[in-house]
Amino acid sequence: MTSVGTTGSRQLLRAEGLSKRFGGVQALSDVSFAMHRGQIVGLIGPNGSGKSTCVNLLSGNLPVSAGEVWLDDELLTGEPIDAAVVKGLARTFQSTQIFAEHTALENVMLGCHTLFKQGPEKSVLRTASAKRENLELVTHAERSLALVGLAPRRDQIASTLSAAEQRLLMIAVALATKPKVILLDEPAAGMVASERRALAGIIRALPSHGVSVLVIEHHMGLIMEVCDRIVVLNFGQKIAEGTPAEIRNNQAVIDAYLGHRDHA
Amino acid sequence: MWTRFAIVAVIAAAIVFPLFVTVNYFIHLAILAMIFMIVAQGANVIQGYTGYVSIAQGAFMGIGAYASALLSMRAGFPVWLSMLAAPIFTAVAAAIAGYPALRIKGHYFAIMTLAMNMVVFTVLVNWVSLTQGEPGLPSIPSPEAINLGFTEIAFEKRRAYYYLALAALVLVMWIVAAVVRSRVGRVLLAIRQNEPFAEAAGIACWKYKLFAFIFSASLAGFGGAIYAHYMGFINPTPFSADASLNAILAVILGGSGTLTGPLVGGALTVILPEALRVAEIYRLIAYGLLLILVVIFLPRGLVPAVVDGVRSISRRRKTP
């Protein structure tokens with residue numbers, strides 16, 4: 001897997017002065033933060049605070065208006081999303097995205113796309129080396145399925161999985177790309193309490209597999225439970241950053257978010 | 001196992017077909033049907049597997065037909081060589097046209113390809129010094145005869161050309177099957193199902209879309225070349241957007257995203273209008289009505305409907 005710990009606590013993912021304008025609306029202004037290897041960082045904020053915009057800028061789904069994104073000392077800004085994946089940044093989406101007609105394993109195999117060293121033409125010609133590589137990656141894909149607890153669903157068509165399982169499958173596809181960092185955009189959306197607990201366990205285990213996590217979530221319980229650090233956005237600006245305990249007691253955060261939780 | 005048996009049976013039936021058919025006209029229709037199956041299979045790659053409807057198959061068929069005809073007539077290429085060069089020539093044309101076109105998504109891509117077809121058609125009509133325009137190119141040579149020692153196969157003969165078209169179709173089916181069953185085919189299906197998610201999985205979708213477009217066009221070009229040397233005469237008419245729409249129709253009728261769908265659909269789009277001649281002036285109305293009925297009641301196409309039907313019957317037998 002990725003080289004956990006070899007470079008000590010150096011910064012892994014770094015956002016510098018990220019800004020995004022949509023016409024006259026400043027969705028995100030001058031947001032900077034960094035995360036270290038092996039960390040689980042939460043990105044929270046009230047509705048419309050710029051969380052999703054921030055994730056889309058990090059992943060390359062949206063072009064930045066200003067600012068830079070660095071992953072392991074490589075500049076990601078301006079790269080299309082598939083290039084960011086190759087460099088080690090994977091993401092999931094707020095709305096469930098899967099390849100509905102494929103089996104769970106086939107979904108995850110598509111996540112292995114960037115790991116194939118043999119050219120696609122070898123797969124067409126069915127060379128022995130291509131077959132061998134395919135088998136190796138099936139094993140890798142099965143591990144990714146197991147990480148999210150979907151191993152028993154291996155050969156089931158994705159559209160027949162439950163809503164929560166489909167969201168986990170989306171995470172498994174992202175994990176199959178062997179990312180250094182995974183961006184989870186509201187992973188618990190639509191999950192009931194028991195499913196959320198299982199999800200928390202899955203997220204917490206990721207750093208031990210060499211994957212650092214940036215998680216965007218509405219559900220405060222989940223965030224407080226899994227995160228090492230939390231970044232808080234409001235009206236497109238970073239208003240606080242710290243450990244869950246610090247954030248819980250931060251007056252600006254309480255005013256902006258937790259205090260109005262019932263109306264959010 | 002059953003699939004292999006079915007493939008062998010169908011090929012065997014296709015081989016003996018001319019021996020039992022005495023009416024030359026039927027052989028003629030069968031040749032046209034096989035040519036159109038090749039073109040439809042191309043449409044299936046981009047439309048059925050990749051999910052991008054291209055309305056330019058007719059144009060690419062035309063480019064292949066004119067390329068092969070002109071290479072053999074003006075450049076002195078052997079016919080066999082020019083027939084093989086035609087799909088390469090078409091692929092280059094598709095690469096140039098597809099590179100900008102595939103930056104566009106959804107319906108806009110379809111509109112762009114429709115425009116492409118119109119441009120190609122206009123060029124074929126107006127570049128008189130090369131294509132001889134509307135009156136067309138006459139006396140296109142047949143492929144050179146093959147001397148087997150004891151006998152000579154002359155491709156001016158309809159039956160010989162039937163086997164040539166059949167061999168070309170089998171070759172195309174074999175190549176398309178290899179592609180769609182490979183990792184490339186899975187990526188194309190992934191793009192059809194969810195392109196943004198495919199990109200998020202690290203797939204550079206535009207490369208695969210461009211490949212699918214070029215591949216589908218080169219199949220149309222190959223079909224066009226076989227058409228040109230069979231008919232011996234071509235003009236721009238059969239390469240208008242009508243032909244592209246027929247290819248799309250063949251894919252939808254037969255079953256898009258299935259290997260056998262374009263065979264059934266391609267055969268129907270050639271044979272149905274002929275079979276309906278008994279209805280005389282109501283022919284086109286009947287044809288249109290049939291198509292509408294198929295789309296309403298068998299939206300996934302004939303092949304998936306039949307396969308599902310057979311499966312449910314065999315299941316019922318197993319569990320009485």
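Two strands pair if DSSP finds at least two bridges between them. By that rule, chain A of this predicted model holds an open sheet of 4 strands in the order S2-S1-S4-S5, with antiparallel pairing. Chain B meets chain A through 23 residues of chain B and 26 residues of chain A. Over all chains, the structure holds 14 salt bridges.

**Sheet of chain A**

- Strands of a sheet pair through backbone hydrogen bonds, either parallel or antiparallel.
- The sheet order in chain A is S2-S1-S4-S5. Its edge strands are S2 and S5 (74–75), each of which pairs on one side only.
- S1(A), residues 11–22, and S2(A), residues 25–36, run antiparallel over 8 bridges. A:Lys20 has A:Leu28 in S2(A) as its bridge partner.
- The hairpin of S1(A) and S2(A) has 2 residues between the strands. In this hairpin, A:Gly23 takes a positive phi near 60°.
- S1(A) is also joined to S4(A), residues 66–71, by 5 bridges, again antiparallel. Here A:Ser19 stands opposite A:Ala66.
- S4(A) and S5(A) pair in the antiparallel sense over 2 bridges. A:Leu71 has A:Glu74 in S5(A) as its bridge partner.

**Interface of chain B and chain A**

- The two chains bury about 2,200 Å² between them. Carbon and sulfur atoms give 62% of that area.
- B:Arg183, B:Gln193 and B:Phe197 supply 34% of the area that chain B buries against chain A. That is more than any other three residues supply.
- The interface has 1 salt bridge. The side chains of B:Arg192 and A:Glu101 form a salt bridge at 2.5 Å, N to O.
- Across the interface there are 8 residue pairs in polar contact.
- On the side of chain B that touches chain A, the elements giving two or more residues are H7 (158–180) and H8 (183–200) of chain B. H8(B) gives the most, with 14 residues.
- By type, the residues on that side of chain B divide into 14 nonpolar, 4 polar and 5 charged.

**Salt bridges within chain A**

- Side chains of opposite charge can pair when their charged atoms come close.
- A:Arg91 and A:Asp185 form a salt bridge, with the closest N and O atoms 3.5 Å apart. A:Arg91 lies in S6(A), residues 89–91, and A:Asp185 in S7(A), residues 181–185, so the pair ties together parts that are 94 residues apart in sequence.
- A:Arg91 counts as buried because its relative accessibility is 3%, under the 20% limit. A:Asp185 counts as buried too, at 3%.
- A:Glu142 and A:Arg154 form a salt bridge, with the closest N and O atoms 2.6 Å apart. A:Glu142 sits in H5(A), residues 128–147, and A:Arg154 in the loop between H5 and H6 (163–176) of chain A, 12 residues apart.
- A:Glu142 is partly exposed at 30% relative accessibility. A:Arg154 is partly exposed at 27%.
- The side chains of A:Lys87 and A:Glu79 meet in a salt bridge at 2.6 Å, N to O. A:Glu79 counts as partly exposed, at 27% relative accessibility.
- A:Arg37, A:Asp72 and A:Lys180 are linked in a network of salt bridges.

- B:Gln47 lies in H2(B), residues 24–49. B:Gln47 counts as buried because its relative accessibility is 10%, under the 20% limit.
- Leaving out residues up to four places away in sequence, B:Gln47 touches B:Tyr52, B:Val53, B:Ile248, B:Val251 and B:Ile252.

Methods: Residues are numbered from 1 along each chain as its sequence is written. Chains are lettered from A and ligands numbered from 1 in the order in which they are written. This is a predicted model: local features need pLDDT of at least 70, side-chain atom pairs count only at pLDDT 80 or more; totals for chains, interfaces and linings use all residues. Side-chain values use heavy atoms; hydrogens and water are left out. Contact means heavy atoms within 4.5 Å. Buried area is the accessible area (1.4 Å probe) that two parts lose on being put together, summed over both. A salt bridge is a side-chain nitrogen of Lys or Arg within 4 Å of a carboxyl oxygen of Asp or Glu. A polar contact is a pair of N or O atoms within 3.5 Å; within protein, one must be able to donate a hydrogen and the other to accept it, and residues adjacent in sequence count only if both atoms are side-chain atoms. Ala, Val, Leu, Ile, Met, Phe, Trp, Tyr, Cys and Pro count as nonpolar, Asp, Glu, Lys and Arg as charged, and the others, Gly among them, as polar. Buried means under 20% relative accessible area, exposed over 50%, partly exposed in between (1.4 Å probe, protein chains only).
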